[in-house]
Amino acid sequence: MPAPRTNQGVIHDLGYRHYDGPRLGRAHIARALLLESAKGAYGLGRSARSKVMPMLLLAAICLPAFIIAVVAAVTDVDELPADYTSYVLNVQALVMIYVAAQSPALVSRDLRFRVMSLYFSRPLHRIDYVVAKYAAMTTAVFLLMALPLTIMFVGALLAELPIDEQVPDYLRSLGGALLTALVLSGIGLVIAAITPRRGLGVAAIIAVLAVLAGVQGAMQAIAVEENEATVAGYAGLISPFTLVHGVQHAVLGAGSALSEGPPGTIGSVVFVVVTGLVVAGSFGALLLRYRKVAV
Amino acid sequence: MGTLLLDKVSRWFGNVVAVNDVTMTIGPGVTGLLGPNGAGKSTLIHMMGGFLAPSSGSVTLDGEVVWRNEEIYRKIGLVPEREAMYDVVTGWQFVLANAKLHGLADPAGAARRAVDTVQMTEAQDRDISTYSKGMKQRIKMATALVHDPPVLLLDEPFNGMDPRQRLQLMDLLTAMGDEGRTVLFSSHILEEVEQISGSIQVMVAGRHAASGGFREIRQLMTERPHQYTIRSDDDRALAAAIISDPSAAAVQLVAAHDTEGAAARGDASTGRRDGSGSLHVQATDFASFVRVLPQLASRHNIRLYEVSPADESLESVFSYLVAR
Amino acid sequence: MNATVAQLTARSLLGRRRAYLLMALPAVLLVLSVASRGLAGQDAGITVGVLGGFALATLVPLLGVIAGTGAIGPEIDDGSIVYLLSKPLSRYSIATTKAMVAIAVVTGFAALPTFVAGLILSGTSSRLALGYAIGALAAGIAYGTLFLLLAVMTRHAVVVGVLYALIWEALIGSFVPGAQALSIQQWSLALTEQVVGARAEELDVSSAVGLGAAVPLLLVVIVGSTWFAGWRLRSLRLTSDE
């Protein structure tokens, strides 16, 4: 509005302000997306209802570890009642459910409500989006497994068990947890990205993981009964949990809870290669999926 | 026949009162349900359609309660707001399925008539997932019309329609109203409501703010003076005459070529484009003003060129109601 | 039972993506059966393990969840259920029709493949194939109707259903004996035990629940879930877009 020419008043422009200063770049956006997604996987920063399932699962998975730690600290034991490296195998159902429930929460909503254009109209490339989401899910699943393992470790320390035995096992189990997180997140995110319908995504992920685990168990049992050691060993490739467990045993030197680990050096190599293929394949599939997403 | 009666209807969700003590009668003809977003229009239509129970009060159609009464749907056609439909079937198959679900004696014939009425005959054999938003709306209309109901409830039917489709739908609704059906539609777009509604129901913040024709509502707003724009051959003399009469509260001369000055004052009511000025009058007593004005003009030998109400539009009525 | 409702339900339930999942699961069972037969020959113990431990324990509940929730969940979710509800149709009729479609899907994709898998693994010996097929059928019907009801009651039916199938049935069922009395799996296992008859005990086909308890419990769940789903549909609230 022009000021009247007669007196010396001033009218200030209180309208929209344009920002011309420096802007944070791609890396910052990707990092922010990663943090938000990782927090969202536990319902932090979202509604109360979305906290229920992940927190419940976190509590459920830590409970046995807590009990073990307390038992160890209170009574006189030479070693922990349970094994670090096979803990994950024993609670795999809970981890499966977590991946199935939260992968759609991370990925399906953006696709279902078609807000991808909001992401990509910023200096965020599709590969950044995929990397951020994959890393976020991996972090969330890793935490899910690392927390109970750490609780057990603390219990072991309080029970004054020999540290030089505990630390390597603990670290091995963490390595296994990280690999498991990578593999499971890959599978979960790919399936969730394909089926934007949340309910179907959850069912599909659970179906895939549970069926793989079931088939692996059946094949292993049969092979062991028929004294087919190699088959029993390679049966571990079928389920992601046993796959990583095999790598943990063969490469990281952990004990094996399965009756048969990967057979020999060739077996170890195969296991490692397959793990790498699954992770790379999932990442590639996600990239392909998001390349096709209409903006 | 086909009269919806809402009697002291309220609906609350926990602490939020969505509809607050509403009493209204919806009879034959086209009625527009008007209100800003969040005023409770959708809640009201859901209650009228039997998809939500009133927390207190009753909703009846010709004396029958609507809630939990499946038979009432023979008399009601509902056009929902949400877009989703059974995507995997074609338009024709969907309307036909709806006809069959109503248990009609000749479902194919009824479906054909309904699809023709909404002018979707050419596209009826394509999958619904390939339809544009306007086409989906029209198929929704067809499903609501297929059983020839005396009552039609439409929740924001003009959403997402292009101008041509809007005109078609307005014509259709007007035709339905003329046939004697009870048509109720909700909208927050004033032009649509203004053009086809015989009467309007205004909802503001869950309360029933006004009902009736919008001109009648305007006349009832006595605390707001009526505004008129008058052009004559001697504006100043006429202004002097008008202000001496008790029916007018204020007069304002808008001179010719005063566009600059008007802009500086932020005044939108500038002089006429053809160069002549005009007179703005605020009349507190509308009834006597319209009687007095011709008498004043003839007594002072002033010729009147134009007398038009400046705020007798639905928009001004609506803004007065909302701003109360 | 309404033919039009059934048609619409079947079309949306067997939509492309869900159909792939529905086909993939029994395919895995059949592949596993062929592989086991190849590896170990005809072995009753392995048959029991595969059919009881994999088909009945994992496959049937999963298919029950997918079919049961898929028969009504997506329609409630996106609001297209209004087209069924704004008709002079009894809600109980709608619920029953949808339940029948879910049951048909479960029969075709769970019970039948279980039967075929049983034949592959053991032929007709000891009536294992038939026994487990009947158990799978009963369990599938029970799961399907139960999850149909769940889908009407909550939008998170799938997750809750999966939790039930995996945690309750598999974990708690193994550790807490009392919980086994409330397990659909155990009830259907009672039917299997009855059909397998003579060799049941020897093959370790046993249920924690007797037939006299299992059959009524199954019927209560099946009929009760369907009826209650119809009852809930009478007061279903339409929501706006999320």
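B:E71 is partly exposed, at 43% relative accessibility. Partly exposed lies between buried (under 20% relative accessible area) and exposed (over 50%), with a 1.4 Å probe and protein chains only. This is a predicted model, in which local features need pLDDT of at least 70, side-chain atom pairs count only at pLDDT 80 or more, and totals for chains, interfaces and linings use all residues. Side-chain values use heavy atoms, without hydrogens and water; residues are numbered from 1 along each chain as its sequence is written, while chains are lettered from A and ligands numbered from 1 in the order in which they are written.

The side chain of B:E71 forms a salt bridge with B:R74 (2.8 Å, N to O). A salt bridge puts a side-chain nitrogen of Lys or Arg within 4 Å of a carboxyl oxygen of Asp or Glu. B:R74 is also partly exposed, at 42%.

## Other salt bridges

The whole structure holds 13 salt bridges over all chains. One of them joins C:D77 and A:R112 (3.7 Å, N to O). This pair crosses between chains, from helix α4 (residues 73-78) of chain C to helix α4 (residues 92-112) of chain A. Helices (H or I, at least four residues) and strands (E, at least two) are DSSP runs, numbered from the N terminus. A:R112 is partly exposed, at 29%.

B:D62 and B:K75 also pair (3.7 Å, N to O). They sit 13 residues apart: B:D62 in the loop between β4 (56-61) and β5 (64-65) of chain B, B:K75 in the loop between β5 and β6 (76-79). B:D62 has a relative accessible area of 33%; B:K75 has 23%. A network of salt bridges links B:D62, B:E64 and B:K75.

## Where chain C meets chain B

The contact (heavy atoms within 4.5 Å) takes 28 residues from chain C and 28 residues from chain B. Together the two chains bury about 2900 Å², 60% of it on carbon and sulfur atoms. Buried area is the accessible area (1.4 Å probe) that two parts lose on being put together, summed over both. In chain C, C:Y83, C:P88 and C:R234 lose the most area to chain B, together 26% of what that side buries.

Between these chains there is 1 salt bridge. B:E70 and C:R234 meet in a salt bridge at 3.4 Å, N to O.

## Confidence

Chain C averages a pLDDT (the predictor's confidence in each residue, from 0 to 100) of 86, and 94% of its residues score at least 70. The model scores ipTM 0.83 and pTM 0.79.
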